[in-house]
Protein chains: 2
Amino acid sequence: MEFMTGVNQKDTLEISEILAGDLEGKTVKVRGAVHTIRDMGDVAFIVLRKREGLMQCVYEAGVSAFDLKDVKEAATVEVKGVVGKEDRAPNGFEVRIQTISILSEPAEAMPLQISKWKLNTSLEAKLNNRAVSLRNVRERAKFKIQEAVVKGFRDFLYKEGFTEIHTPKIGAKGAEGGANIFKLEYFHRPAILEQSPQFYKQMMVGVFDRVFETAPVFRAEKHNTKRHLNEYTSLDFEMGYIDSFEDIMAMETGFLQYTVNLLKTEYAKELNILKIELPNVDQIPCVRFDEAKQKVSEKYNRQIRNPYDLEPEEEHLIGQYFKEECGADFVFVTHYPSKKRPFYAMDDPADETYTLSFDLLFKGMEITTGGQRIHDYQMLLDKIEKRGMTTEGMDHYLSAFKFGMPPHGGLGIGLERLTMQLIGEENVRETTLFPRDLSRLEP
Amino acid sequence: MEFMTGVNQKDTLEISEILAGDLEGKTVKVRGAVHTIRDMGDVAFIVLRKREGLMQCVYEAGVSAFDLKDVKEAATVEVKGVVGKEDRAPNGFEVRIQTISILSEPAEAMPLQISKWKLNTSLEAKLNNRAVSLRNVRERAKFKIQEAVVKGFRDFLYKEGFTEIHTPKIGAKGAEGGANIFKLEYFHRPAILEQSPQFYKQMMVGVFDRVFETAPVFRAEKHNTKRHLNEYTSLDFEMGYIDSFEDIMAMETGFLQYTVNLLKTEYAKELNILKIELPNVDQIPCVRFDEAKQKVSEKYNRQIRNPYDLEPEEEHLIGQYFKEECGADFVFVTHYPSKKRPFYAMDDPADETYTLSFDLLFKGMEITTGGQRIHDYQMLLDKIEKRGMTTEGMDHYLSAFKFGMPPHGGLGIGLERLTMQLIGEENVRETTLFPRDLSRLEP
C-alpha cells in the first residue's frame with residue numbers, strides 16, 4: 001500500500017535556497033516561467049520569473065546543450081546549470097545553463113510587455129488582462145503588500161486574545177441599511193448579501209469577548225469613484241470590556257505598528273520594488289470631528305457647508321493639516337454626529353448630538369470606521385424607536401443584548417483602500433486582484 | 001493634542017496572566033460575564049466566563065462589601081479581590097471578592113442553561129438561540145478548534161511559499177456549474193455567487209506559483225443532509241510546478257501534520273474540554289477509486305451498483321476498511337472517473353476514463369477534492385469541446401492558459417466538515433457559527 005507521509009522534497013531550488021546555500025560553482029536545478037529572453041548572439045539571458053523574484057539564466061552557444069529558438073517567452077521550464085556570482089544579475093547570481101526542458105508552452109505571444117519594469121498601460125488594459133498583467137513584478141508585489149496587511153491584522157489580534165470567526169454572507173434581511181444592499185433569491189425566499197459582519201461580530205463578543213473576521217463584504221452603492229468598490233475585503237474586529245472607545249483606536253494603532261514592523265522585516269523586497277516609504281505610526285493624532293472641520297476651515301479659508309458631514313475634500317484637507325502641523329500620515333477623527341452613524345452607535349452622554357465613534361484617515365482618506373456600540377438592551381430599543389425604525393428582522397441580534405452584553409466596540413478596515421494608501425496608488429482598483437464596480441463583473 | 005501610541009494597558013487581568021504571575025495573596029481586578037452563581041448561604045461562588053475559560057470568584061458574607069442579590073447571572077462585572085489557591089476551582093485558583101461593580105445587566109433570564117457542562121438541548125434550539133447557546137463553554141470550544149484549523153492552514157502554507165489571495169464572490173457567469181448556483185442582479189446585469197475560487201486561483205498560479213484562499217463559497221444545492229451547507233468556508237490552495245498530483249496530496253498531508261501539532265501545542269485546553277482524540281496523520285494511505293470500490297465490495301459483501309460513483313455509504317465503508325486494515329482515520333482515494341470530475345481535471349494519460357485527482361476521506365467522509373489540472377491551452381479547448389460545452393464566459397480564465405501556465409493542481413477543503421470530523425460531531429451545523437441551509441437563513 002502507498003502512503004503519504006508529508007511534503008514531497010524537491011531537487012529544484014528556489015531563490016532563497018540558492019542564496020542561503022554555498023552553491024557557487026555547483027550544479028542546480030530550477031524551475032520557472034520565461035519572463036524575458038535577451039538574445040545577444042552567442043550569449044543569451046533567459047530571465048525566469050519565480051515566486052520569490054527574477055533569476056538570470058545564461059545560454060552560451062556551444063556550452064548550453066539546446067537550441068535557443070526552442071525556448072519561448074512565457075514558457076515554463078526546468079533549467080539545469082551552474083551557479084555563478086554576477087553582481088549585475090538580480091540577487092547577485094546567475095545560472096549558466098547546461099540543459100533546459102520545457103514544461104509548458106504558451107499558445108500565443110503576450111498581449112502586454114510584462115517584463116518591463118513599469119507596465120506602460122492603462123488601468124483598463126491591466127484589468128482586462130488580469131491573468132497576464134499581474135505577472136509583472138511590480139504589479140504582483142502590490143498583492144504581497146496586501147498579504148502583509150492581512151497577516152499583520154490576524155497575527156496581531158491572535159496575540160491580543162481575539163478569536164477568528166466566520167459569519168455568513170447570505171442573510172435574511174438588511175436590518176442595518178436600505179438601498180445599498182444586493183438582493184438574491186434563496187430557495188424561494190428573499191435574501192441579501194451582508195454589507196458588513198456587524199451584527200454577527202457583536203453577537204460573538206458575548207461569546208468570545210474579542211473577535212475578528214477577514215472576509216468579503218458587498219455594497220450595492222452606485223458610486224463610480226476611485227475609492228469605491230462594490231465588493232471588498234473587510235478587516236473587522238469587535239472587543240468587549242472596553243473602558244471607552246479610545247481602547248479601540250489604541251488597538252488599531254497597535255495593529256498598524258505591528259504591521260509596519262512586519263512589512264519592514266518580512267516584506268522588504270516588495271517595499272523596495274514599489275519604493276514604499278512606510279508611514280510613521282508611533283503616535284497618531286486624534287481630533288474631534290467638529291474641531292477638525294473648524295481647523296480646516298480656518299487654515300485653508302474654506303466655508304463649512306454642512307456641520308454634520310465630512311466631504312471628501314474636507315477629509316483630504318484634514319489629512320493635509322495634520323501632515324503639515326505634526327508630520328502625521330494618520331489621524332483619528334472622533335465624535336462623529338449621531339445622525340451620520342448607525343442606530344447601534346453609542347451616543348456621547350456629554351452631548352447626544354455626537355457619538356463615541358471615529359474614522360481613521362490615512363493620507364486624507366477614510367480607511368476605518370469604528371466606535372463604541374450600545375450594549376444595553378433597553379437603550380438599543382429606545383434608539384431604534386427614536387429613529388422611527390422597527391425591530392423587524394433583528395430578533396436574533398437583539399436577543400444577544402436581552403441576555404446580557406459587556407460594554408464593547410469595534411471597527412472595520414477596508415483592505416484594498418489601506419493597501420492603496422500604503423503603496424501610494426490613486427485608484428483602489430490598482431490594489432484589488434479582481435475589482436467589482438458599477439461596470440466591471442469580469443474577470 | 002491627544003495621540004494614540006499603541007494598545008492601552010489595563011489593570012484588569014486575564015486567566016493566563018494570573019496563572020503566569022506569582023499572585024497568591026495579592027489583590028487583583030478581573031472582568032467577565034457572570035456565568036453562574038451558586039449560593040451556599042454565607043458563601044457564594046460567582047463563576048465568571050472569560051475568553052480564556054471560567055474563573056471562580058467567592059462571595060463571603062461580612063467580608064465581601066456588596067449584597068449578593070445585586071449580582072445577576074449574565075451580568076458583566078468587574079471584581080476586585082484576593083487570589084487564593086483552590087484545587088477544586090477551574091485552573092486551581094479563586095478570587096475572594098472584596099468589591100464588585102456591575103458593568104452591564106441582562107433584561108431577561110437566560111432561555112438556555114448555558115452553565116451546564118453539556119447543553120441539554122436540541123440542535124434546533126441551539127441554532128435558534130445562537131447568541132446565547134455559544135456562551136456554553138463546550139459549544140464555544142468547537143470554534144476555537146475551527147480557528148486552529150484555519151490558522152494551521154495559513155501558517156503552514158505561508159511557510160511553504162504560498163501567497164494569500166482574495167478573489168471576488170460575485171461573478172459574471174457560472175462557467176463551472178449549472179443549476180447549483182445562486183443568482184442575483186448586479187446593477188441590471190445577471191450575476192452569480194461563486195461556488196468556488198477555482199478559476200481565479202488557477203489564474204493566480206501563473207502569477208505567484210503557489211496561492212491559497214480561505215473564504216466563503218456558495219452552493220444552491222437542494223440537499224438537506226447532515227453534511228451539506230449552502231454556504232461554507234472553503235480552504236483552497238493551488239500550486240504550480242508539480243511533478244504529479246501526488247505533490248498536492250503530500251502538501252495536504254503536511255498541512256494536517258502541522259495542524260495536529262498546532263492543536264496539541266496551542267489548543268490543548270479545547271482538546272480537553274471536547275475530549276478530542278487527535279487522528280494519526282504520520283502516514284495517510286492512498287487507494288485508487290476502482291480498487292477502493294472493489295475492496296469494500298469484497299470485504300463487506302456489497303454489490304457495486306455504479307462503477308463511476310461513490311455513494312455516501314461506500315465512502316463510509318472505505319473509511320471503515322482502512323481503519324480496520326491499518327488504523328487510518330484518513331484515506332486518499334485517487335483516480336476518480338473523468339465523467340465525475342469537472343472539465344479542467346487532468347485525465348490520466350494511462351487511461352482517460354480516470355483523472356489524476358483525489359478525494360480525502362476523514363472517518364469515512366469526503367472533506368477534500370483535489371487534483372492536477374489541465375495546463376495546456378489546446379488540451380483545455382479540446383476537453384471543453386469534447387464535453388459539448390462552450391467557452392462562453394470563460395475568456396479570462398482561458399487567457400491565462402493561452403499565455404502560458406505551469407503544470408499545476410490544487411484542492412479545496414470544507415472547513416466546517418473537517419472541524420465536524422475532528423470533534424466527532426454528527427451534524428455539520430454543530431461546527432458552523434451561523435449555518436445556511438434549505439430552511440435556515442437566520443440568525
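This is a predicted model: local features need pLDDT of at least 70, side-chain atom pairs count only at pLDDT 80 or more; totals for chains, interfaces and linings use all residues.
Show what surrounds Thr369(A): leaving aside residues up to four places away in sequence, it touches Arg341(A), Phe358(A), Asp359(A), Leu411(A) and Gly412(A). With one of these, Asp359(A), the side chain of Thr369(A) makes a polar contact of 3.0 Å.

Next, colour the annotated positions. An unreviewed UniProt entry carries the annotation "binding site" for Glu176(A), Arg219(A), Thr369(A) and Arg373(A).

From that set, select Arg219(A). This residue lies in a loop of chain A, with β11 (210-218) on one side and β12 (231-240) on the other. Is Arg219(A) buried or partly exposed? Arg219(A) counts as partly exposed because its relative accessibility is 23%, and the buried class ends under 20%. Its contacts, again without residues up to four places away in sequence, are Asn180(A), Phe182(A), Gln195(A), Ser196(A), Asn230(A) and Tyr232(A).

Now switch to a cartoon view and go back to β18(A). This strand belongs to an open sheet of nine strands with mixed pairing, in the order β7(A)-β11(A)-β12(A)-β19(A)-β18(A)-β17(A)-β14(A)-β13(A)-β1(B). At the edges are β7 (163-164) of chain A and β1 (2-4) of chain B, each of which pairs on one side only. Helix α12 of chain A, residues 415-423, packs on the sheet and touches β12, β17, β18 and β19 (408-414) of chain A. The directions of α12(A) and β18(A) make an angle of about 135 degrees.

Within the sheet, select residues 330-334 and 357-362 of chain A, which are strands β14 and β17. How many bridges join β14 and β17 of chain A? Five bridges do, and the two strands run antiparallel. Phe332(A) stands opposite Leu360(A) in β17(A).

Finish with the cysteines. The count of disulfides over all chains is zero. Select Cys326(A), which is in no disulfide: the nearest cysteine sulfur belongs to Cys286(A) and is 10 Å away. A disulfide would need the two sulfur atoms within 2.5 Å. Cys326(A) is partly exposed because its relative accessible area is 32%.

Move to chain B and select Cys286(B). This cysteine is in no disulfide either, and the nearest cysteine sulfur, that of Cys326(B), is 10 Å away. Cys286(B) has 8% relative accessibility and therefore counts as buried.

Notes:
Residues are numbered from 1 along each chain as its sequence is written. Chains are lettered from A and ligands numbered from 1 in the order in which they are written. Side-chain values use heavy atoms; hydrogens and water are left out. UniProt positions are given in the numbering used here, feature names are shortened, and annotations may be inferred rather than shown by experiment. Helices (H or I, at least four residues) and strands (E, at least two) are DSSP runs, numbered from the N terminus. Buried means under 20% relative accessible area, exposed over 50%, partly exposed in between (1.4 Å probe, protein chains only). Contact means heavy atoms within 4.5 Å. A polar contact is a pair of N or O atoms within 3.5 Å; within protein, one must be able to donate a hydrogen and the other to accept it, and residues adjacent in sequence count only if both atoms are side-chain atoms. Two strands pair if DSSP finds at least two bridges between them. Axes are lines fitted to C-alpha atoms, for helices over the stretch in contact, and angles run from 0 to 180 degrees between N-to-C directions.
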